[in-house]
Amino acid sequence: MTAPGGARLLLLAPPGAGKSTHGRLLAEAFAAPHISTGELLRAEIAAGSELGRRVEGLVAEGRLVPDDLVVEMVVRRLTEPAPVEAFVLDGFPRTLAQAELGYAWASEHGLTFSAVLHLEVPEAELARRAAGRAAVSGRGDDNAATWERRMAEYRLETEPLLGFYRARGILVEVDAGGGVSEVHQAILTALWAMGLRPVRPARPA
Ligand code: ADP
């Protein structure tokens, strides 16, 4: 059994905790699109669109993009070219204002989250991963200074969302300090307990 219309999942975690890795694996398991606001924004920047030009500097510096722009971009992705009923969101909402705007829109459309996964990783491990990623990702915003800023933005703006989703009874805490397949299994187990069953078998570890 899965939620009506499929699973609607949110990954909430600091930079480097594994949102994109687990987002991709979960999208595959639940046969749902993986929607990453970081990737959508980087695509807009690469395409040189009006939105891309407006957000380029902010993304490069690791600062948050204005709420209204991100909300508009996500709503567009969920409604065009065809409405999406199941999804794995990664990177949105990232502020309380985004969460409230998103919740109002989703309630109207019957698309509120089925579960919100908080990936917990010790800060020392995050710092170690950030240093490794900066060396290989090719992302202009992957460097020590912007990592610090993204971390600070996370603590200030995004961590308060944990209380918002805990109060709604859909927050799932996951110890994400281990290996990828171990963490993926832990996520699937937690979702299973909430009645959210993957539609595709997990890949062998
Ligand atoms: P990470 O998970 O590594 O922190 P992302 O790829 O999710 O990075 O996001 C990269 C950048 O895109 C952020 O540092 C921020 O500038 C911008 N961004 C992504 N999602 C949002 C959002 N929901 N609100 C505001 N800015 C965002």
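Below are my entries on the ligand site, then on the cavities.

I'm working from a predicted model, where local features need pLDDT of at least 70, side-chain atom pairs count only at pLDDT 80 or more, and totals for chains, interfaces and linings use all residues. Residues are numbered from 1 along each chain as its sequence is written, and side-chain values use heavy atoms, with hydrogens and water left out.

Entry 1, ligand shell. I found 19 residues around the ligand, with T37, R63, G91, R133 and R150 nearest (a residue counts if one of its heavy atoms lies within 4 Å). Helix 2 (residues 37-47) gives the largest share of that shell, four residues (helices are DSSP runs of H or I, at least four residues, numbered from the N terminus).

I used pairs of N or O atoms within 3.5 Å. A backbone N or O atom of G91 is 2.7 Å from a ligand nitrogen. For ligand oxygens, I noted a side-chain N or O atom of R133 at 2.8 Å and a polar side-chain atom of R42 at 3.0 Å.

I took a cavity as a set of points, on a 1 Å grid over the protein atoms alone, where a 1.4 Å probe fits but cannot get out; lining residues have an atom within 4 Å of a point. The largest is lined by 20 residues, and F92, G102, Y103, A106 and F113 lie nearest its centre. Helix 5 gives the most to this lining, seven residues. R133 and R150 turn up again, among the residues lining the second largest cavity.

Technical notes. A polar contact is a pair of N or O atoms within 3.5 Å; within protein, one must be able to donate a hydrogen and the other to accept it, and residues adjacent in sequence count only if both atoms are side-chain atoms. Helices (H or I, at least four residues) and strands (E, at least two) are DSSP runs, numbered from the N terminus. On a 1 Å grid over the protein atoms alone, a cavity is a set of points where a 1.4 Å probe fits but cannot get out, and a pocket is an open set with protein on both sides within 12 Å along at least five of seven lines; lining residues have an atom within 4 Å of a point.
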